[in-house]
Amino acid sequence: MPSSTPPESAAGAPFGVQAGLHGLTTLTGGHFGYALKAGARIEDSAVIHNTSDEARTFHVYGADVTNAAGGGLAPAQEGQKMAAVGAWLKLGSEATVTVQPKSSATVLFSLAVPVGTPPGSYLGSLVTALRTPAVSGGVNTETRIARLVELTVPGTADLQVTLTELEHRPADGGEAFTVTVRNTGNVLYTFAGTLNVIGGSSARTVPLTPTGIYVIPGGSATLTGRLADLPALGRRAVTASVTATVPGGVAKTVDSNTVRLSYFPWLIATLTAGGLLALGLLLVITRKRRRAWLRRRAEERTALRALRRELRAGNPPADAPDEAQAGGTGHP
């Protein structure tokens with residue numbers, strides 16, 4: 001028998017949504033899961049539980065699901081053009097449902113897979129929205145609960161995983177890495193990734209985040225990781241490795257390009273080279289000054305020897321006439 005227990009309200013919302021056949025034909029967590037051939041159709045229902053003390057009016061609609069920018073999945077906004085499950089899911093009654101306080105209401109819907117739909121995984125959602133009127137000049141707020149609709153069209157599963165170039169940049173004293181996973185096959189999968197680092201005393205791995213989120217066919221997700229404790233001198237080779245796993249099925253691991261990092265203490269080397277250059281210049285200048293001083297000393301010694309020779313010969317230097325004349329008029 002379907003469960004009649006009201007589900008826990010999402011994010012404190014005053015209502016909850018449960019699959020009509022919860023526990024029989026649905027995914028865990030009250031979501032919907034089907035395996036339908038192209039051209040097939042199925043009917044199901046959702047139960048809306050109003051846990052508040054007043055009547056509430058809800059709007060229900062089908063939506064495609066896309067990969068959110070920050071990771072994970074998000075339903076398309078109402079009014080957007082739906083291309084897959086959001087377009088194939090049709091409500092069996094009015095899209096607006098009023099539920100009395102502490103009561104429940106059942107919403108019927110059908111899911112019809114168009115003829116010619118290729119095999120693979122398709123993800124959509126059944127969205128139940130509660131709009132709260134503006135109060136005192138404020139703005140309207142809307143609380144939404146989206147139950148996933150996972151559809152598998154049987155056929156040959158094609159698990160394809162591609163990675164973009166592994167990019168890196170300095171960050172917080174380390175190196176930040178980024179790589180994007182793209183689902184180019186036809187099956188829904190989750191993934192987990194690591195950075196494989198070779199170099200130094202031993203190889204090591206660094207986890208990439210986020211992990212364990214869904215990537216729909218045609219979707220993508222960006223992973224990031226940070227490599228810390230880098231050496232001042234040395235080399236490292238870094239490769240991203242990502243394993244994609246089909247729920248309850250096969251797995252596939254792919255590797256990115258290898259980024260090669262070289263580390264050298266340029267500041268120390270520059271300061272050392274600058275110090276050596278300054279020392280060399282000082283030595284050159286000192287040597288030139290010493291040579292000039294030695295030349296002056298040699299010239300002074302030569303002049304002194306010449307002066308002594310002239311004095312011994314009784315010939316005073318030509319540049320001292322007064323002293324010579326005074327010497328001639330002295331005592332005999």
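Let's start at the largest pocket, which has 14 residues in its lining, with Gly120, Ser121, Thr152, Val187 and Val246 lying nearest its centre. Keep in mind that this is a predicted model. The pocket's volume comes to about 170 Å³. Two strands to look for here are β9 (120-132) and β10 (141-153), each giving at least two residues to the lining. The largest share comes from β10, with 3 residues. Sort the lining by class and you get 7 nonpolar, 6 polar and 1 charged residues.

Now zoom out to the chain. You'll find 3 helices and 19 strands. Of its 332 residues, 34% count as buried. Take the contacts between residues at least 6 apart in sequence: 65% of them join residues at least 24 apart.

Next, the aromatic rings. The count is 4 aromatic pairs. In one of them, Phe32 and Tyr34 are stacked, 6.5 Å centre to centre with 20° between the planes. Phe32 has 0% relative accessibility, so it counts as buried, and Tyr34 counts as buried too, at 6%. Phe32 also pairs with Phe109, this time edge-to-face: 5.3 Å centre to centre and 90° between the planes. Because Phe32 sits in strand β2 (residues 32-35) and Phe109 in strand β8 (residues 103-112), this pair ties together parts that are 77 residues apart in sequence. Phe109 is buried as well, with a relative accessible area of 3%.

Methods. Residues numbered from 1 in each chain as written. Predicted model: local features only at pLDDT ≥ 70, side-chain atom pairs only at ≥ 80, totals over all residues. Heavy atoms only, no water. 1 Å grid on protein atoms, 1.4 Å probe; cavity = no way out; pocket = protein on both sides within 12 Å on 5 of 7 lines; lining within 4 Å. Points joined across faces, edges and corners; volume = space filled by probe spheres on them. Helix = DSSP H or I, 4+ residues; strand = E, 2+ residues; numbered from the N terminus. Nonpolar A, V, L, I, M, F, W, Y, C, P; charged D, E, K, R; others polar. Buried < 20%, exposed > 50% of the residue type's maximum accessible area, 1.4 Å probe, protein only. Contact = heavy atoms within 4.5 Å. Phe/Tyr/Trp six-rings, centres within 6.5 Å; stacked < 30°, edge-to-face > 60°.
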